[in-house]
Amino acid sequence: MDSVDTLPPDALSRAVIEIEKHVSSAGWDQPAQLFALVPTAELLRAEPQLAVELGAEDASQPLTPVAQGELPGGLEDEHLADALGRIEWPDGVSGCALAIERVVLPAAAEAGLSDAETDAELARMAGSDPRRHEVRMVAAVLREGDRFGAVRLRSHDEDSAVLTGTDLVPTLCEVLSLTFEPSVDSRPGEGPGVDGMSDEENRS
């Protein structure tokens with residue numbers, strides 16, 4: 001397999017932008033979605049038919065996102081690390097990405113949420129606060145440590161307004177990096193693969 005060192009410097013950022021546009025094309029209020037990032041050249045050699053199904057007929061895009069399906073609906077941040085920490089990628093996967101929607105509040109607004117007694121009440125209070133922003137975040141990491149992220153605000157739902165950067169979603173990237181750390185209780189062959197994956201991730 002091609003070493004990640006042979007990928008161009010912008011491979012990860014291009015994959016994130018592609019994923020963000022693909023997910024955004026389906027509108028808002030979607031569950032979290034996980035993607036494996038596979039070197040396109042390797043995919044074309046090993047699984048040419050799958051590459052065609054995924055829209056990766058050539059290697060113009062260095063990394064091909066392979067949709068792994070939706071994560072459980074309503075998966076909150078405190079459970080996200082646990083869910084992702086149970087994933088172990090096969091060697092052919094060079095990176096992974098997560099698209100997730102969240103409601104974010106300014107620090108002053110968050111202070112008032114401490115009165116909430118249940119998660120449902122907390123969600124209701126946050127969702128009704130006029131200072132809230134609904135955002136979609138796409139975070140991605142490579143096995144070797146590179147990170148990149150994108151953020152789209154629902155109130156500025158335009159491709160030209162999407163924010164991108166290496167340090168834009170550091171917490172999500174940190175959680176994603178857990179999927180490349182070996183699990184002490186994992187068994188050989190466990191975890192998502194590439195063969196036979198969903199073809200719902202098509203290039204736009």
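Student: Which residue in E3 stands opposite Phe35?

Tutor: This is a predicted model, in which local features need pLDDT of at least 70 and side-chain atom pairs count only at pLDDT 80 or more, while totals for chains, interfaces and linings use all residues. Residues are numbered from 1 along each chain as its sequence is written, and side-chain values use heavy atoms, with hydrogens and water left out. E1 and E3 run antiparallel and are joined by five bridges; strands (E, at least two residues) and helices (H or I, at least four) are DSSP runs numbered from the N terminus, and two strands pair if DSSP finds at least two bridges between them. In E3, the residue opposite Phe35 is Ala97.

Student: Which are the edge strands of the open sheet?

Tutor: The open sheet has six strands, paired antiparallel in the order E2-E1-E3-E4-E5-E6. An edge strand here pairs on one side only. This applies to E2 and to strand E6 (163-165).

Student: What angle does the direction of H1 make with that of E4?

Tutor: Helix H1 packs on the sheet and touches E1, E2, E3, E4, E5 and E6, where contact means heavy atoms within 4.5 Å. Axes are lines fitted to C-alpha atoms, for helices over the stretch in contact, and angles run from 0 to 180 degrees between N-to-C directions. H7, which lies across E1, E3, E4 and E5, runs at about 40° to E4. For H1, the angle with E4 is about 145°.

Student: Which residue in the turn of the E4 and E5 hairpin has a positive phi?

Tutor: Ala139 stands opposite Gly149 in E5. Four residues lie between the two strands of this hairpin. The residue in that turn with a positive phi, about 115°, is Gly145.

Student: Is Asp29 buried or exposed?

Tutor: Most residues other than glycine have a negative phi. Asp29, however, has a positive phi of about 65° although it is not a glycine, and this residue lies in the loop between helix H1 (11-24) and strand E1 (33-39). Because its relative accessible area is 59%, Asp29 counts as exposed.

Student: Over the ring of which residue does the charged end of Arg136 sit?

Tutor: A charge sits over a ring if NZ of Lys or CZ of Arg is within 6 Å of the ring centre and within 35 degrees of the ring normal. The charged end of Arg136 is 4.2 Å from the centre of the ring concerned. That ring belongs to Trp28.

Student: How many residues does the largest nonpolar core have?

Tutor: A nonpolar core is a set of buried Ala, Val, Leu, Ile, Met, Phe, Trp, Tyr and Cys residues joined through side-chain atoms within 4.5 Å. In the largest one, the residues with the most contacts inside it include Leu80, Trp89 and Leu172. Apart from it lies another core, of 19 residues, among them Val23 and Val138. For the largest core, the number of residues is 31.

Conventions: Buried < 20%, exposed > 50% of the residue type's maximum accessible area, 1.4 Å probe, protein only.
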